[in-house]
Amino acid sequence: MQENIQASVDEAALDAEPAVSAESEIVAEAAVPEKPKRRINQAKLQDNLWGWIFCLPLIIGTVWFVYYAFILAFLLSFTKFTNVDGSLMDAVAHYGEFINTGEWGAAHWYYQLFHEANGTTTSLGAQGIVMNEMGRYLFNTVFYMIGIPIGMILSVFFAVCMSRDIRGGNLFRVLYYLPCVASAIAIVYTFKIMFRTDGVMNTLLGLKDYTYPDITGAGGNKGFVWIPEGTNIGYSWCDIAGIQPTEDTSAFMRDPFWCQGLLSKTVIVIMSVWKGLGGTIILYVAGLSGVNAATKEAAEIDGANGWQIFWKVTMPDLYPTIFYNIVTSVIGGLQIYAEPELLMSTSSASAGFPNVSGFVALIYKYGLVGDVKSYGAGAAYGFFLAVIIFVLTLFQFWLDSRNKD
Amino acid sequence: MAENENVENKKVPLPGSDSQEEVRAYYSPLRYGWGAFCAFFGFSTKTHRASKKRAKLVMDIATYIVLLFGAFLMVYPFWWMIAGSFTATFPQNNTPIFTLVWWPSESTWTATMLENGETVPMGGFFNYIYFFTDAFASGATMAGFAEGFTYWRALLNNLIYSIVPVVVGVITSASAAFAFAKIQWIGRDVVFMFLLAAIMVPGPSIMITQFVMYSDMDWQYNGLVLIIPGMFGSIMTAFFIRQFLFGMPTSIIEAAKIDGAGYFRIFTQFILPLAMPAIMAQGLLSFMGCWNNYMGSFIMIPQNSPAINLPHAMYLLNNAVFQANQGPNIAGAVLCVLPVMILFACFQKLIIGSLMLTGSKE
């Protein structure tokens, strides 16, 4: 024993790299009382040095690709900087020259976000609810959020089923998780054909022979349209009801956004619920396994039925998981982009579909498409999205803190 | 009359505590029969008490029915994809795939086509072969591909984009996680909060500046944009590996230090092997994310570049080539999904276990 300690002390003393822990430090202090202070500092130095070295790649990556980009996005959002104006460094060096002048001064892009009306709206006349392009894209984004409560209820239900003491629970977990690992593009192209006028969905629902009212006299189209094809923006309530629109008809009746738009968005909600279900089920199964079995048993002995146990014992324990899930789903849901774009895109139209696109499509459409890419506009819209997400997240945490009191 | 009074005065007989004959005499035959019916399915009523075993059996069967129905809904689109990839949509038209429910009316296994004036069988894997060869060959003129861009190039790109950044990134993340979990250094908690706060910044809001940054550095045409940023590691991965490392005893590291190992050796020889389950699971999840990364390629890489990945190529082909011939499109979708499915099937225990442990969703 004594020898061992002596050996380790010798080793520590001989070691050129004094990577020694606090324990051996004490021993070293006792054995070599001349220079204890320096050695302790050495160990501390090693800790600090290696701590920073191990973290350095992640810190560099985060600062460079996230914080730096975010600060520049904020700066760019007040400029009229485009891709023909040179590099990012030029924009920073000559920042004064690029500052936007327009309505609301430098904040011109933010002004435009709220005022610029989309062409289809103005051509329909201004009766009733008229939305500009941003309003439409934002409405779509919020509409997709109805998938969150639906998915939540379904996944809690399936998770409760799976955590019963049955054989093959693991197999079901794997099967339900399959859509989560599948590529979005493959799923979208599959759903696109399944929801065609003569596709699986219409066959099952018996809507294959649904005939639209004949307004123009060219004969009504056959088959219920979930997703309009090509440049066609789909049917309005006027088309469905067979009313010839007049000057007095409200925008709600004339605008396909309020009819076909809602239907197409429903397809995306179905798709995203289907795709996201497995992930949330696994979260809830994990949450349910943490529910206290003793409390459950006690409730059972006290005569509570299954329904009461679920609401009074299981749900309170599941609450943190549900809260986490809602927060991440809302943040993720606001950033929806690929699914609606892929569902609608054809050779003739590729970016920005007012009927279905999420807010991110606006950033892409104005910031990154065309020969002259208006980076300033894209950055401004992106910053606006960041603010929305930040406020919503704060709001959720505020609700959570209020619930706890 | 006397009998009636007798019944009214008597207490309500309970199944189990009183004899079943008394219960039968008390209730009407209809009510008694209904009770027997309920008890058979495991529900206790006033007339019958169901056995717990029966109740569990019935509930189990109901659970299975519900779960099987759900599993069917989850799996059906994948079945549809496979059936769709064997549909003969060429040179007929798209109708067989649009009306497909279970198995195509005209599958590639039975259909024939005209080749050089002769009628020849199509071959079961016609759509796949068409996707590999003709579709990509016509992509250069129709979809704006780079000259000589093939399926194999797209596949290679996908493999590079999902192996290199993931392997390097997971190691850098793990090293950061090690520093956060097991080393005491000045500024540790501040740095951790600083990094965690970066999660709040949504990706699309910095999309534009990242685009400009990458185009300034010329990372777009050659595809470095999908490789280099990922190599710096990801905060979420670091966070979850850190959670895993917290559960590991510190005494291992102390022992290694006493034996004279430096932190670098501790990391490579102790932490990496010991945290392998967490690292593997996080790596596999990021691999799947990178494999399916349509948006990264679509936003950042120009379509005439030979560095676009498979989902991006599929998108361009769908818009330009496949509108009138959807069979190969779905075959491409199957090829896109298949590798991650196989990977998931092999490592499902690890992945699901890690998801349940860390509570992450992706």
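I'll start with helix 11 of chain B, residues 235-246: its 12 residues reach 16 Å from first C-alpha to last, close to the 16 Å expected at 1.5 Å a residue. The expected span is 1.5 Å times one less than the number of residues. Helices here are DSSP runs of H or I with at least four residues, strands are runs of E with at least two, and both are numbered from the N terminus. Among the buried residues of helix 11 are F239(B), F240(B), R242(B) and F244(B). Buried means 20 or more other C-beta atoms within 10 Å of the residue's own, exposed means 12 or fewer, and partly exposed is in between, with C-beta atoms placed from the backbone.

This is a predicted model, in which local features need pLDDT of at least 70 and side-chain atom pairs count only at pLDDT 80 or more, while totals for chains, interfaces and linings use all residues. Residues are numbered from 1 along each chain as its sequence is written, and chains are lettered from A and ligands numbered from 1 in the order in which they are written.

Now chain B as a whole. There are 17 helices and 2 strands in chain B. Its radius of gyration, taken over C-alpha atoms, is 32 Å, well over the 21 Å from the globule rule for 362 residues, so chain B is more spread out than a compact globule. That rule is 2.2 Å times the number of residues to the power 0.38. The C-alpha atoms of chain B fill a box of roughly 105 × 80 × 40 Å along the principal axes. Of the 362 residues in chain B, 41% are buried.

The two strands, residues 112-115 and 118-121 of chain B, pair in the antiparallel sense over 4 bridges; pairing requires at least two DSSP bridges. L114(B) stands opposite T119(B). The hairpin has 2 residues between its strands, and N116(B) in the turn has a positive phi of about 50 degrees.

I186(B) sits in the loop between helix 7 and helix 8 of chain B. Is I186(B) buried or exposed? Exposed, because I186(B) has 12 other C-beta atoms within 10 Å. I186(B) and T110(B) are 76 residues apart in sequence and 71 Å apart in space, C-alpha to C-alpha.

Last, the contact between chains: 85 residues come from chain B and 92 residues from chain A, where contact means C-beta atoms, placed from the backbone, within 7 Å.

Methods. Two residues are in contact if their C-beta atoms, placed from the backbone, lie within 7 Å.
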